[in-house]
Amino acid sequence: MSKITFLGGVEEIGGNKILIETKNEKFFLDFGLSFSKFGKFYSDFLQPRVSNGIGDYLELGIIPEMNGIYRNDLLKNEGRKTFDKPEIDGVLLSHAHADHSSNIALLHKDIRIFCGETSKIILKALQETGQGTFNSDYYWYKENFVKRGKKPQHERKYHTFRTGDKLKIGNIEIEPIHVDHSIPGAYGFIIHTNDGSICYTGDLRVHGNKGFMTEEFVEKASSEEIDILLCEGTKINENEKGLTESQVFNKVKEIIKETKNLVFVNFSLKDVDRLNTFYKACVECGRELVIPTKLAYLIKEFRSDKNLQIPKLNDVKIYLHKTGWGSYEPEDYNSWERDLFNYETVNGDEVRKMQEKYVVFMDFFDLKELINIKPEHGSVYIYSTSEPHDEEQAIDFNRMKNWLEHFNLKYFTAHASGHANSEEIREIVKRINAKKVVPIHTEHPLMFKHFVKNLIIAKYGETINF
Ligand SMILES: [Zn+2]
Ligand SMILES: [Zn+2]
C-alpha cells in the first residue's frame with residue numbers, strides 16, 4: 001500500500017507540500033511557502049526571528065513537524081534533534097514560484113532537489129539577488145549559529161531534467177512533462193508506483209503562449225492509466241475566461257501607441273512570456289524597454305538556457321534606482337548589480353528628459369523613483385500582474401493607486417492568468433480520465449463535484465491510501 005499525505009496545497013492556493021510514501025520510497029511533490037499560514041502571523045514588519053532558527057516556523061505551523069527533513073543548523077539552535085542523513089529521498093519541484101519551492105531553503109543539505117534546468121537557474125538567481133537570510137538559501141548555504149571559525153558551507157544536491165526525460169527515485173519511475181504557466185520551466189509529473197500511477201499537474205494553463213506544452217502533458221497523461229489525479233484548481237470558481245497572452249499583447253501595444261509621454265509597466269519578474277510581450281510591443285511602437293537590475297540579472301543567468309527565448313541585455317536598458325550616495329556609480333550598488341554596468345543603463349533623471357522614448361518597468365517598490373522621473377501629463381501605468389489576493393496586498397495596492405493619482409498617471413490593467421480557467425480545468429480532468437481526482441491549490445475544491453465522479457476532498461494533514 002502507498003500513501004499520499006497533504007502537508008500543504010489543500011484548503012489554500014499554493015504552499016504545496018505533498019508527501020508520497022511507498023514501501024521503500026518517500027518524497028515530496030513541491031515544498032512551497034504557504035502564504036496563508038505565514039500571513040496569518042507575519043507581515044512585512046513582523047517577521048520570524050532569524051535568531052530562533054526554524055523554531056518560529058514550527059511553533060506556528062508554517063512548516064510541518066517532521067523528523068529528518070530540516071537543516072541541522074536551524075534545528076540545533078532550538079535544541080531539537082538533528083539528523084546526519086535525511087529521512088526522505090528528495091523533493092520533486094514543479095516550478096520555481098515561491099508557493100511551490102521557497103521552503104526548500106529550510107531543508108536538510110543532503111535532500112535531493114529534482115527540478116527543471118530553468119527552475120534551478122531561477123532559484124540560484126533569486127538567492128543571489130535576495131536578502132541573504134536563511135529563508136532564501138535555495139541553492140547553497142553557510143551554516144548559521146557557528147560561533148567560532150569558518151562557517152561550513154553546503155551546496156544543495158540538484159538533479160535537473162528536461163521534458164521527455166525519465167527519472168527514478170528509488171524504484172519509482174517519474175516522467176516530467178513541460179506545462180505552460182506564468183514562469184518558464186514548469187512541469188507536471190506522471191509517477192509510476194507499484195500500487196498505481198499518480199498524475200500531478202503542478203500549476204498550469206492552456207491560454208498562454210506555450211499552451212501546446214500543457215497539451216502535450218495532458219495528451220501523455222490521457223494515454224496512461226492514471227489512478228489518482230492531483231489537479232490544480234486555482235480558478236475553478238471563476239466564470240470569466242480572462243485574457244490570453246496574445247490579447248494582452250494587443251491591448252498593451254494599443255495603449256503604448258496612444259501614449260505621448262511615459263509608459264510604466266508592472267509585471268512579475270519571473271514571467272518571461274510577459275517580458276516578451278512588453279518587449280515585442282516596445283519594438284513595434286519604436287520604444288525602448290527599461291528593466292530593473294533584478295530582472296537584468298535573471299536575463300543574464302538565463303544565457304545558459306538555450307531553449308528560452310528572451311530579449312538580450314543589449315536590446316533593453318537597465319534602470320538604475322537612486323541609492324547609496326545617489327551618484328549612480330557602481331559603488332552605490334550591490335556586488336551582484338555591478339556587472340550590469342557593462343550594459344546600457346539609464347537613471348530617473350535621464351528618463352525624465354526622454355519620456356516619449358521609454359517603457360519603464362515599475363513595481364510597488366520602485367514607486368519612489370517617480371519623484372525623480374516626474375512623468376509628464378498623459379503618462380500611463382499598466383498593471384500587468386494578478387490582482388491583490390489578501391488584505392495586506394490590498395493595502396499596498398491602494399497605496400500604489402495613491403502614488404499614481406499624485407503623479408496623474410492614467411491606470412490600465414492587462415493580464416493573462418498563469419492558471420487554467422474553469423473551462424480548461426474541466427477539459428483537462430475529462431481528458432486525463434483518472435480513477436480518482438483530488439483538487440489541490442484551490443479554495444473551492446467542491447466545485448469539482450460538478451464534473452468529477454470519484455472526487456476526494458483532502459484536508460490539511462490528511463492521508464490517502466492507494
Ligand atoms: Zn502555485
Ligand atoms: Zn505557480
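**Figure 1. Contact between domain 1 and domain 2.** In this predicted model, 16 residues of domain 1 are in contact with 17 residues of domain 2. Helix α5 (residues 117-128) supplies the largest share of the domain 1 side, seven residues. By type, the domain 1 residues that touch domain 2 are six nonpolar, seven polar and three charged. Domain 1 covers 3-238 + 419-465, and domain 2 covers 245-413. The centres of the two domains, taken over C-alpha atoms, are separated by 30 Å.

**Figure 2. Packing of helix α7 on helix α8.** Helix α7 (residues 245-258) packs against helix α8 (residues 272-285) at an angle of about 40°, and their axes are 9 Å apart. The crossing of α7 past α8 is right-handed. From α7, the contact uses Glu245, Val248, Phe249, Val252, Lys253, Ile256 and Lys257; from α8, Asp273, Thr277, Phe278, Lys280, Ala281, Glu284 and Cys285. Seven of the contact residues are nonpolar, one is polar and six are charged.

**Figure 3. The seven-stranded open sheet.** The strands lie in the order β17-β16-β15-β18-β14-β19-β20, with parallel pairing. At the edges are β17 (345-347) and β20 (410-413), each of which pairs on one side only. On average, neighbouring strands are turned by 30° against each other, direction ignored.

**Figure 4. Strand β15, its partner β16 and helix α8.** Strands β15 (residues 288-291) and β16 (residues 317-320) run parallel and are joined by two bridges. Ile291 has Ile318 of β16 as its bridge partner. Helix α8 packs on the sheet, where it touches β14 (263-266), β15 and β18 (358-361). The direction of α8 makes about 145° with that of β15.

Note on methods. Residues are numbered from 1 along each chain as its sequence is written. Chains are lettered from A and ligands numbered from 1 in the order in which they are written. This is a predicted model: local features need pLDDT of at least 70, side-chain atom pairs count only at pLDDT 80 or more; totals for chains, interfaces and linings use all residues. Domain bounds come from an automatic or database domain assignment. Two residues are in contact if their C-beta atoms, placed from the backbone, lie within 7 Å. Helices (H or I, at least four residues) and strands (E, at least two) are DSSP runs, numbered from the N terminus. Ala, Val, Leu, Ile, Met, Phe, Trp, Tyr, Cys and Pro count as nonpolar, Asp, Glu, Lys and Arg as charged, and the others, Gly among them, as polar. Axes are lines fitted to C-alpha atoms, for helices over the stretch in contact, and angles run from 0 to 180 degrees between N-to-C directions. A crossing is left-handed if the near helix is turned anticlockwise from the far one by less than a right angle, and right-handed if clockwise. Two strands pair if DSSP finds at least two bridges between them.
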